[in-house]
Amino acid sequence: MSGPVAVGRAAATADVVCLGESMVTFLPSQPGRLADVPSFGRAIGGAESNVACALAAAGHRAKWVGRVGADGFGDHLVDAIAAYGVDTSAVRRDPGRPTGIYFRTAADRATGTHEVAYYRAGSAASAMSPENVPYEDLLDARILHLTGITAALSADCLSLLRSLTGPRPDRPLISFDVNHRPHLWRAGDEGPGVLLDLARRADLVFVGEDEAEEAWGLRGADAIREALPEPAVLVVKQGSEGATVFSARRPEPRTGAPGSAPATSDTVTSVPALRVDVVAAVGAGDAFAAGFLSATLRELSVRDRVRHGHLMAAAVLTVPGDLTDPPARAHADELVALDDAAWGRLRLGPGWTAADRAGIDRSPAPQEVHPT
């Protein structure tokens, strides 16, 4: 198989299974403090279900496995995620715990004015454990996508992730997005150490340079790779600068424990990000992961995998919410194929994927600037 890491068996029922908590999110009707926002619009949010929705919208067989309450918010989540084409048949209902919800401001998460109010303590998803999730659904996939958010929800959730990332002969390729969220970890928990351990057990890891510095005190892509030598593919996201990928010369996913097959040599690929007129930054990391995974399933080159990640992220960055329709595959492939100079001249703004949905031919010229 071509590419830096082989995905699981093609006969699997799903291309990608995403496990994690999805919540009903309330988006502000106007900028400002939560105390000053007069009303909110309802949407859905959750790192893993975001990835599943983007992959399904891009034409892949995506399944979301989670746990919601036996309530109206749970009904809404399952219906809304299924509407993207995601298989939700493995979602379980908890009659004794509620579906999580949260409210957020319009400001960028990276700024000091960003506020999020979570109401997820004791949620149905926090009760996920090795005893109550359908392993047959989780393992019947070419890729199993997990994030560090799930590990922070409860001790049972952490046990589940440790079980899934452990050695087993039938394990699919394990994709892990670190997603360090300090406010989710309970007092006394060693969140950074837990996340480092889980990342070392995965085959494909996504981590931001900023969160690696915050969690582990590591600066720069090389230092992150030194701390994470085991994953066959390590994607270091560098914000507006782009991403650097370390690809070990090991063609198959590992089935051993962390440390059993350290990388001895890497191919290093750096790909600059696109210029984007940002509407809201929330959800961009999930979209990037979806684009990278989509291109991985298609066995594209590492450079093209990163470029597809950038394009999926640009689609989300130019809308207010966590989710939007991705660019049409043919259009995205044409953009990805541009030479470096033409790629560097692209600028994407609100509405840049609208022509795709209208069926309009948008074959790019080398100097094309998309609508802003």
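How many disulfides does the count come to?

1. The count comes to 0 disulfides, a disulfide being a pair of cysteine sulfur atoms within 2.5 Å. Cys53 is in none, and the nearest cysteine sulfur, belonging to Cys18, lies 8.9 Å away. Cys53 counts as buried, because its relative accessibility is 0%, where buried means under 20% relative accessible area with a 1.4 Å probe and protein chains only. Cys157 also counts as buried, because its relative accessibility is 0%.

2. This is a predicted model, in which local features need pLDDT of at least 70 and side-chain atom pairs count only at pLDDT 80 or more, while totals for chains, interfaces and linings use all residues. Residues are numbered from 1 along each chain as its sequence is written, and side-chain values use heavy atoms, with hydrogens and water left out.

3. Arg181 sits in the loop between strand S10 (173–177) and helix H6 (191–200), helices (H or I, at least four residues) and strands (E, at least two) being DSSP runs numbered from the N terminus. Although buried, Arg181 has no salt bridge, and Glu211, the nearest side chain of opposite charge, is 4.7 Å away; a salt bridge requires a side-chain nitrogen of Lys or Arg within 4 Å of a carboxyl oxygen of Asp or Glu.

4. In helix H11 (residues 329–336), the buried residues are His331, Ala332, Leu335 and Val336. Seen down the axis of H11, these fall within an arc of 135°, so they line one face of the helix, the arc being taken from the directions from the helix axis to the C-beta atoms.

5. Helix H10 is mostly covered, with 15 of its 16 residues buried.

How values were computed. Buried < 20%, exposed > 50% of the residue type's maximum accessible area, 1.4 Å probe, protein only. Lys, Arg positive; Asp, Glu negative; His and termini not counted.
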